[in-house]
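This report covers surface composition and charged side-chain contacts. The sequence and model are shown first.

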Amino acid sequence: MRKILLLALVGLGAQLVDGSLGMAYGVTSTTLLLALNTGAASASATVHLAEIGTTLVSGTAHWRFGNVDWRVVRRVGVPGAVGAFAGATFLSGLSTETAAPVMSLILLALGLYVLVRFTVAGLPRDRVGLPLRKRFLGPLGLVAGFVDATGGGGWGPIGTPAILASGRLEPRRVIGSIDTSEFLVAIAASLGFLVGIGAANINFTWVAALLLGGMIAAPVAAWLVRMVPPRVLGSAVGGVIILTNSRTLLRSEWIDAPTPLRYACYLVVALVWAAAVSWSLRRHLAERSVPTAVADPDGGEHVGTAR
């Protein structure tokens, strides 16, 4: 019973982060299941079955709060489902340890870019509203879906920073669209695992526990992402990406850093991250308080504050 309660709490916390930052549900939940000596394929299958429910609730909540761009959902979600089914069916038994450092290095670079861009310059406004092209979203969805199924997580960590870095969609709509499209990925991956390993190797009680916690947190996270200023949200997402992938790289065979060095690096990243979020919040508040000339109905102008 204690294990079931722990899984429910992990599902709640993971979905709260995932729904507000666009990543971490799969990675967090899979990490716990692996720590409980669950096989890689069984862990990923459990998480993806739970995600069918959590992403449905999360996507509905994001839609109600106006956080979803349905063109992005369609263009990234369908290829993502194809990649997820292929990864779950054919490659769930293949170790991804060799590929993990390479992917983490790419994601770390994207995370640094997102953190610096949003912290220093705020929300990029010169390209916001421009369409995201199929030739960008299609391959992105295919790769992210494949990695998500074979690694137990990756849809958000790959999709969110890549679209954020394009500067064409504001952060809350990036997160809402990625969360909503993950519903298609979760269904496809789950079908692939049911074909590949069968239902007998999946603990459906664990699925229900993760699902319950995630469904409780999903509406709260969708509301939270609408309330957080885009500049602050961008800095927060960038920090999550950097911290997560720094951990993967430092623990990989490439570096295999000793424990004291790893924790020292985590501390430095955390301090920089906190400073970046603090700076973005201060800049956001300063920009809101700047007087601006606003036209009134009589044709004159009056002074207001920027919003």
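Helices here are DSSP runs of H or I with at least four residues, numbered from the N terminus. The model is a predicted one.

## Nonpolar surface patch

Helix 8, residues 171-196, gives the most to the nonpolar patch, contributing three residues. The patch consists of Phe85, Leu191, Leu194, Val195 and Phe204, and together these residues have about 450 Å² of accessible area.

Leu194 lies in helix 8. With a relative accessible area of 34%, Leu194 is partly exposed. Patch residues need over 30% relative accessible area.

## Salt bridges around Asp69

How many salt bridges does the structure hold? There are three. In one of them, Arg71 pairs with Asp69, with the closest N and O atoms 3.7 Å apart. Arg71 is partly exposed at a relative accessible area of 46%, whereas Asp69 is buried at 8%.

Asp69 also forms a salt bridge with Arg173, where the closest N and O atoms are 4.0 Å apart. This pair links distant parts of the chain, 104 residues apart: Arg173 is in helix 8, and Asp69 is in the loop between helix 3 (40-64) and helix 4 (70-90). Arg173 has a relative accessible area of 22% and is partly exposed.

## The Arg172 and Glu170 pair

The side chains of Arg172 and Glu170 form a salt bridge at 3.5 Å, N to O. Arg172 counts as buried because its relative accessibility of 19% falls under the 20% limit. Glu170, at 22%, counts as partly exposed. Shared partners join Asp69, Arg71 and Arg173 into one salt-bridge network.

Terms used:
Residues are numbered from 1 along each chain as its sequence is written. This is a predicted model: local features need pLDDT of at least 70, side-chain atom pairs count only at pLDDT 80 or more; totals for chains, interfaces and linings use all residues. Side-chain values use heavy atoms; hydrogens and water are left out. Patches are made of residues with over 30% relative accessible area and no salt bridge: like charges are joined within 9 Å, nonpolar side chains (Val, Leu, Ile, Met, Phe, Trp, Tyr) within 5 Å. Accessible areas come from the Shrake-Rupley method with a 1.4 Å probe; for residues, only the protein chains shown count as cover. Helices (H or I, at least four residues) and strands (E, at least two) are DSSP runs, numbered from the N terminus. Buried means under 20% relative accessible area, exposed over 50%, partly exposed in between (1.4 Å probe, protein chains only).
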